[in-house]
Amino acid sequence: MSKYYVNKFLFTVDRDPEYLKRYIEDPKSFVATWEQSIGPKLNDAERSTVNSLTDAEREALVNHDYVALFEMGAHFFLNLTMYIGIYDEPYMTRSGPLSFQREFAAKLQHWRDKDYPSVET
Amino acid sequence: MAQLVATLASTHHPFYLKATTMPPEQQMPQAPEWKRKVEAYRETLAKTKPDILVMIGSDHFHQIFLDNCPQFLIGKAPRYDATFYNEEREFGIPKYVLEGDEAMSRFMHQHLMDQDFDFAFSNELKIDHSIICPIITVRPQNDLPVVPIYTNIFAPPLPSPRRFYNLGRAIRKAIDDYPSDSRVAAIGTGHLSLELGGPRQFMETGPDPVFDRQAIEWLRNGDIEAILDNVTHESMIKSGNATQGFLNFILMLGVAGPENADYVDNLDLFHTMEAYFTWYPKEQAA
Ligand SMILES: [Fe+2]
């Protein structure tokens, strides 16, 4: 498991309009591209050989599965802001302000009175 | 020596600007009251006529990430760009450029190091909404140089609540010792109970209204003993997964010293309690 690498995915994609667009349009192919050429990047010249996603992490990212990511201990802020970036507008148009955020919370209700998975990396 | 003229500690709400500037017929019912409260709070700073703002906030994974994550960091740059693409997208916050004050940054960095706070520093720091929100709320004309300080409230393990308080005390001492005739205001933002990306987010109130009311009373009374007796990392997380933003309030109480606040206001918003505090140093309170 690589919480760090999942967080790196969320961090690099949420902050870049072009990556975000590709992650919305075709998550499966974008996640593959990310693993190949974006995730390993340390800077324009250097590549890291250290990190990789597990099958479960890859699947959660491909499926925009923020519940699974929460349960893996992805950072709550990155996990929220990433999927707000994708779903806030369409939900707003359909069901009004904060409807995505409330659905997000509803899907996590089984954690309500428990200790959440740690976000420590 | 420089003079600390005011210490402000408040919540930062990235939607304030959007909520209060959209067409009135689309605004939420509390928007006019929110705006009134913020403008009244702004006056508590304006009347002290500051020349420099020492601003304490916390980067939300905008410039700082888990590959290189300082606990405490000071900006040392002539100017600071502000607002990242994803903040514009999500909150509608515009871009800003803040003037820096390199001389004061350099002095404070050295002074804090001499007080055993081994700060990281940045000569090219882009500021995020933890510092731009208070510019929007308390100094929208953005006409003063700033010394930005970032704390880690996000990526555990975090420094202890007592360490945040002691850092506030050290920042106060550095301001008091700054050889200049400037009038300095210290402005910090954080959160009361807050949940983000968890089951208690975006409820009718914040995730722990009991903590919120208690925290406001502690700060009103400058009761650092009660805070340090009651607030731990575990207790904050129980109050909401992002409640460690309260650490910045503890830091600001350190800047002010364990005194009653001179101005206290709050507003119960749909998913969070907003709170606004100002302390004036006692010798200038009259
Ligand atoms: Fe924040």
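Biologist: At what angle do helix α2 and helix α3 of chain A pack?

Modeller: This is a predicted model, where local features need pLDDT of at least 70, side-chain atom pairs count only at pLDDT 80 or more, and totals for chains, interfaces and linings use all residues. Residues are numbered from 1 along each chain as its sequence is written, chains are lettered from A and ligands numbered from 1 in the order in which they are written, and side-chain values use heavy atoms, without hydrogens and water. Helices (H or I, at least four residues) and strands (E, at least two) are DSSP runs, numbered from the N terminus. α2 (residues 17-25) and α3 (residues 27-38) have axes (lines fitted to C-alpha atoms, for helices over the stretch in contact, with angles from 0 to 180 degrees between N-to-C directions) that lie 6 Å apart, and they pack at about 135 degrees.

Biologist: And how many nonpolar residues does the contact of α2(A) with α3(A) have?

Modeller: Contact means heavy atoms within 4.5 Å; among the residues that meet are A:Tyr19 and A:Ile24 from α2(A), with A:Pro27 and A:Phe30 from α3(A). Ala, Val, Leu, Ile, Met, Phe, Trp, Tyr, Cys and Pro count as nonpolar, Asp, Glu, Lys and Arg as charged, and the others, Gly among them, as polar. By class there are one polar residue, two charged ones and, for nonpolar, seven.

Biologist: How many residues apart are B:His12 and B:His191?

Modeller: Both are buried (under 20% relative accessible area; exposed is over 50%, partly exposed in between, with a 1.4 Å probe and protein chains only). B:His12 sits in the loop between β1 and α1, while B:His191 is in the loop between β8 and α7. The pair links distant parts of the chain, and the separation is 179 residues.

Biologist: Which strands stand at the edges of the eight-stranded sheet?

Modeller: Strands pair if DSSP finds at least two bridges between them. This open, mixed sheet goes β6-β3-β7-β2-β8-β1-β10-β9. Two strands have a single partner each, so one side of each lacks a neighbour in the sheet: β6 and β9.

Biologist: What is the bridge partner of B:Leu53 in β7(B)?

Modeller: β2 (residues 52-57) and β7 (residues 146-151) of chain B run parallel, joined by five bridges. B:Leu53 is partnered in β7(B) by B:Val146.
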